[in-house]
Amino acid sequence: METNPYIPYPVTIDRVVVENEARDIKTFRLIFHNAQDRKGFDFKVGQFAELSLLGFGESPIGIASSPLDRDYVEFTVKRYPAGVVTNELHNAELGRPMGIRGPMGNGYPIEKMKGKNIVIISGGFAVTTLRAAIRYLLHPDIRSSVKDITVIYGARTPGELCYKEEFTDWSKRKDVAVTLTVDNEAQGWRGRVGFVPTVVADVKPSPRDAICLICGPPVMLKYTIPELTKLGFKPEDTYLSFEMRMKCGIGKCGRCNIGPKYVCIDGPVFSLAEVADMPAEY
Amino acid sequence: MPKQVDLKTIARDLLTKGKVEVFIGYQAASLPLAAAPLIIHGAKDSVDASQSMAPDAERDMMARKVAALIFDDRCEMNLVNYLHKFKDRKTAVVVKGCDSRSVVGLLQEKQVDRKNLVIIGAPCRGVVDRRHVAKLMGCDASREVDREGEHFRFQCAGSWKRVKVADAIYTACRECQVHNPVIADYWIGAPVPQPDLPELTAEMEALRKASPDHRWTRFHKEMSKCILCYACRNLCPACYCKTCFADACKPKWVGRTDDPSDAMLFHLQRLMHLGGRCTGCGACVRGCPMNVDLRLYNDHLRSHVKQEYGFMAGMDSAVHPPLAMYSMGDCNEFIR
Amino acid sequence: MMTREIRIIPLSEMPAFVGALMQGHKVLAPTRNDDGLCVFAWLAAPEQADWTCGIPQVPPKQAFLPRTEILFTYHREKGRETITPPPAPEPQIALGLHPCDVQAVKVLDAVFSAEPSPDQPYLARRAATTLIGRGFTEQDPLVFCRELGIDPMDNRDCDAFLVPLAGGQAEHTTSRMALEILTDKGVALRLAYDGFPKAGVEDLAAIAEARKQSAARGVPLLDMAVIQRRLENIFNSDLWNRIHEPCVGCGACAFLCPTCHCFDIQEEVMGQDGARVRVWDTCQFDLFTRHASGHNPRLSQKERSRQRIMHKFSYGVGKFHIPFCVGCGRCIAVCPAHNDVRQILKEISDFK
Ligand SMILES: Cc1cc2nc3c(=O)[nH]c(=O)nc-3n(C[C@H](O)[C@H](O)[C@H](O)COP(=O)(O)OP(=O)(O)OC[C@H]3O[C@@H](n4cnc5c(N)ncnc54)[C@H](O)[C@@H]3O)c2cc1C
Ligand code: SF4
Ligand code: SF4
Ligand code: SF4
Ligand code: SF4
Ligand code: SF4
Ligand code: FES
């Protein structure tokens with residue numbers, strides 16, 4: 001008999017990191033109660049999971065840690081003032097039991113990325129699953145499977161950049177080219193200043209033999225995608241991750257479709273070529 | 001008294017001369033004994049004229065729709081509800097007596113602008129309750145309705161049957177205190193006589209006298225039928241909140257399970273929001289797919305507002321509704 | 001489908017048959033409620049099953065997708081939580097389904113058994129269900145399943161099937177039911193039908209005649225392929241600007257549609273105990289797609305009405321090769337604005 005896909009794995013909050021100055025973005029490290037559940041929770045970068053808080057509900061959240069971080073999984077969650085689950089999660093203390101259902105969705109095209117140059121572009125806290133991708137690609141066992149890695153990451157202010165320590169470390173590495181940018185000049189900021197699309201036009205990542213992953217707020221996407229097209233990135237090689245309100249996460253509850261595509265099972269990652277065939281209802 | 005006009009003539013006139021952008025009336029529905037809303041866009045509709053349509057085709061469509069307009073005993077929907085959809089556009093709407101009170105309500109609550117409204121009043125003696133007729137006759141396959149004095153004639157399974165008007169129309173219509181619109185720019189018929197009605201219906205008297213147990217059982221039974229489809233709310237012209245309490249997540253006021261307590265909470269809260277605002281138009285009852293008799297509770301609410309505050313909703317747009325103002329004379333019995 | 005055997009049950013004996021089915025099963029059947037309305041409901045007594053009903057206004061989907069279904073229950077203490085899966089569903093019978101309602105069950109089956117995550121709670125209920133269909137000789141004016149190619153005498157996908165037969169003096173009124181046993185699940189009902197006589201030669205002829213007459217009542221079929229193809233191209237058309245206008249965005253059409261299966265997942269909490277439940281939901285509601293940020297990709301009724309039609313007649317067909325509408329006509333009967341899905345389909349077919 002099938003197992004009940006609505007019953008979450010039991011997990012505990014093991015670590016919480018406040019990611020930004022506004023303190024409304026936190027990263028939660030979750031530990032599985034049963035070690036074999038972590039094995040069962042076999043995910044690819046770019047997938048997501050339903051975080052479950054009994055009594056409050058569930059939220060679909062992108063997996064922010066790498067599949068090779070074998071002891072835990074991490075999620076970076078923004079708190080919305082009117083959001084039931086995200087608020088309760090932000091109020092949660094270390095050691096709080098909770099649940100996790102998944103993994104869900106298709107994830108980034110890891111197989112296709114092998115042997116390619118990788119360009120990763122992100123803005124704001126949408127960086128979560130891309131952080132997972134970077135962590136994964138930079139893993140010693142994996143790094144050699146792809147060629148150059150270029151990362152462009154921007155936020156409104158330095159205080160809003162997530163995973164600061166990691167990005168600082170990555171900036172120092174030779175095997176990845178990281179460009180960090182903020183929208184406006186800020187005290188103590190020595191990185192770039194400018195919006196992500198402008199920086200992309202400036203950095204000019206090469207489209208040759210490249211796969212591009214891009215995540216960010218709608219405005220960023222709106223202006224960055226034309227820049228990528230200008231640079232020569234092919235729609236079928238440029239991927240982005242969608243967000244729609246979700247409940248089941250497994251293609252049953254009927255709410256997350258964009259045209260005929262269900263974001264929870266057919267996505268959340270789609271190539272620009274696929275997006276072109278989808279109605280603009282997102 | 002407003003000028004009496006012909007429905008199709010006035011519709012054509014308003015639409016072609018650009019006096020309104022949208023005309024909301026009735027057409028025959030595909031169901032027997034029912035009319036559906038008919039929304040006609042004028043040539044000068046500023047908002048969503050079908051861009052791809054040739055002006056000729058657009059005019060044809062308008063003419064066809066105007067020709068399909070009806071007003072008769074089938075026109076049960078309260079079209080005032082649609083005014084929310086066409087806010088800020090010049091709109092004409094056909095209103096029965098009861099519906100006209102909803103217009104007054106919306107004017108009082110500043111939801112519509114009188115300048116943008118052309119009100120087509122339709123004096124009305126009651127509309128047919130097709131589910132009740134089906135029950136009376138054991139037959140629903142009728143497409144013909146005639147009125148013969150105090151009777152309706154229905155065609156049912158090949159033969160004509162007669163049903164007394166009073167038996168065929170909605171209970172709300174039998175208890176209607178405003179057969180003639182209280183506000184209108186034109187009338188599409190002669191005023192109809194307004195029967196004298198007792199202050200409280202016999203049913204209401206009985207309900208008030210009934211034991212709490214009896215009332216609870218009755219309430220529980222009605223609420224158990226409700227499937228929380230929200231048709232009642234969505235049809236009610238007075239229910240126009242952008243985010244209804246029923247849709248709020250934080251806090252979540254009501255659940256959506258089949259436990260009758262969820263339906264009870266939904267309806268009780270909705271009733272509270274309608275104190276001094278419900279006009280008794282009956283749109284909610286008529287639209288309910290499960291025949292939940294909300295009327296009883298709306299009536300109860302209205303009769304209290306009338307008794308305690310001497311107020312009838314939707315009669316006069318110059319008077320403030322009791323819950324929108326404070327007066328020393330207010331009934332404050334509940335504060336102890 | 002191979003018919004295992006056929007029994008003849010006089011109409012007057014149906015309560016005895018239904019009563020026997022109720023031994024060991026919950027039975028969902030057409031009943032008439034106090035308002036005279038036909039609805040599918042769980043029987044408390046065999047006499048409640050009503051054989052004069054046409055297509056009941058409340059569909060049988062509650063047998064498979066209850067309006068409220070507990071996905072699991074839980075208990076919370078500080079630092080500790082325990083989850084208990086719901087008990088296995090009891091054996092149940094869905095009795096008296098019109099062939100279009102049976103087709104609707106196939107739609108639900110397609111959605112809920114689809115990979116990558118088959119819906120175990122649904123499948124468990126479905127597995128515990130015996131489907132007894134019922135043939136119809138007459139068609140309500142609102143029903144258009146024939147136009148969708150469904151024959152109201154078709155016993156496909158049923159475990160057993162009742163064919164109403166006229167007889168005796170009253171030539172046109174049903175006097176008895178022929179019970180066709182079609183599957184192992186059907187055979188498992190032996191105790192309930194064993195007392196009734198096997199169909200004789202005349203009965204068999206009458207059944208064949210009823211089927212022949214039903215098949216002969218040809219109607220022009222709606223060309224679903226054409227509708228689907230057209231829909232693929234008119235997503236952005238301003239046709240939708242008008243179609244949604246009468247719609248008030250309630251849940252009546254979806255809640256009473258036998259194929260609509262959208263649900264919400266909610267919490268029901270009482271102190272330390274609670275349950276995660278799924279409840280019916282619909283694409284017609286604003287909250288259905290509203291993000292926590294307030295953004296809503298289907299902001300107005302236009303997008304929501306379009307979703308309903310697209311989902312039923314395009315997305316569903318594309319994915320599962322079966323329209324998500326079986327022509328039962330319930331949505332036409334219950335829509336408070338008297339929106340008629342046939343009319344909408346016509347507008348779509350006629351559109352340029
Ligand atoms: C594939 C995917 C990945 C996501 N990744 C992240 C992430 O990494 N970090 C992050 O902070 N947020 C992410 N989101 C958004 C996040 O799911 C919502 O912000 C969150 O569900 C809001 O929940 P709430 O209970 O606080 O809000 P409420 O408004 O109370 O919502 C109630 C429920 O509706 C659903 N819901 C509401 N808004 C959304 C939404 N925008 N997307 C999906 N479901 C929603 C959820 O089931 C939620 O529990 C992601 C969404 C998707 C679809
Ligand atoms: S509650 Fe019902 S009767 Fe009262 S105004 Fe609203 S629709 Fe009319
Ligand atoms: S219309 Fe009827 S069933 Fe729907 S919510 Fe209102 S009372 Fe309940
Ligand atoms: S079509 Fe009718 S029943 Fe369906 S949402 Fe619109 S008004 Fe409600
Ligand atoms: S859409 Fe309407 S006609 Fe089609 S299956 Fe659903 S309720 Fe029946
Ligand atoms: S029509 Fe709407 S409610 Fe019905 S199944 Fe499709 S998306 Fe769900
Ligand atoms: S979240 Fe339920 S179908 Fe996608």
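The lining of the second largest cavity is made up of 12 nonpolar, three polar and one charged residues. Here Ala, Val, Leu, Ile, Met, Phe, Trp, Tyr, Cys and Pro count as nonpolar, Asp, Glu, Lys and Arg as charged, and the others, Gly among them, as polar. The model is a predicted one, in which local features need pLDDT of at least 70 and side-chain atom pairs count only at pLDDT 80 or more, while totals for chains, interfaces and linings use all residues. Residues are numbered from 1 along each chain as its sequence is written, chains are lettered from A in the order in which they are written, and side-chain values use heavy atoms, leaving out hydrogens and water.

This second largest cavity has a volume of about 170 Å³. (A cavity is a set of points on a 1 Å grid over the protein atoms alone where a 1.4 Å probe fits but cannot get out, and lining residues have an atom within 4 Å of a point; a volume is the space filled by probe spheres set on the points.) Its lining counts 16 residues, with C:Cys247, C:Cys253, C:Arg308, C:Cys335 and C:Asn339 nearest the centre. Two helices of chain C, helix 10 (301-320) and helix 12 (341-350), each give two or more residues to it, and helix 10 gives the most, with three. Helices are DSSP runs (H or I, at least four residues), numbered from the N terminus.

Over the whole structure, the search turns up 13 cavities of 30 Å³ or more. The largest has a volume of about 240 Å³, and of its 28 lining residues, B:Arg277, B:Cys278, B:Thr279, B:Gly280 and B:Cys281 sit closest to the centre. By class, that lining splits into 13 nonpolar, nine polar and six charged residues.

Neighbours within four places in sequence aside, B:Tyr82 is in contact (heavy atoms within 4.5 Å) with residues including B:Ile24, B:Pro37, C:Pro246 and C:Ala337.

Notes
On a 1 Å grid over the protein atoms alone, a cavity is a set of points where a 1.4 Å probe fits but cannot get out, and a pocket is an open set with protein on both sides within 12 Å along at least five of seven lines; lining residues have an atom within 4 Å of a point.
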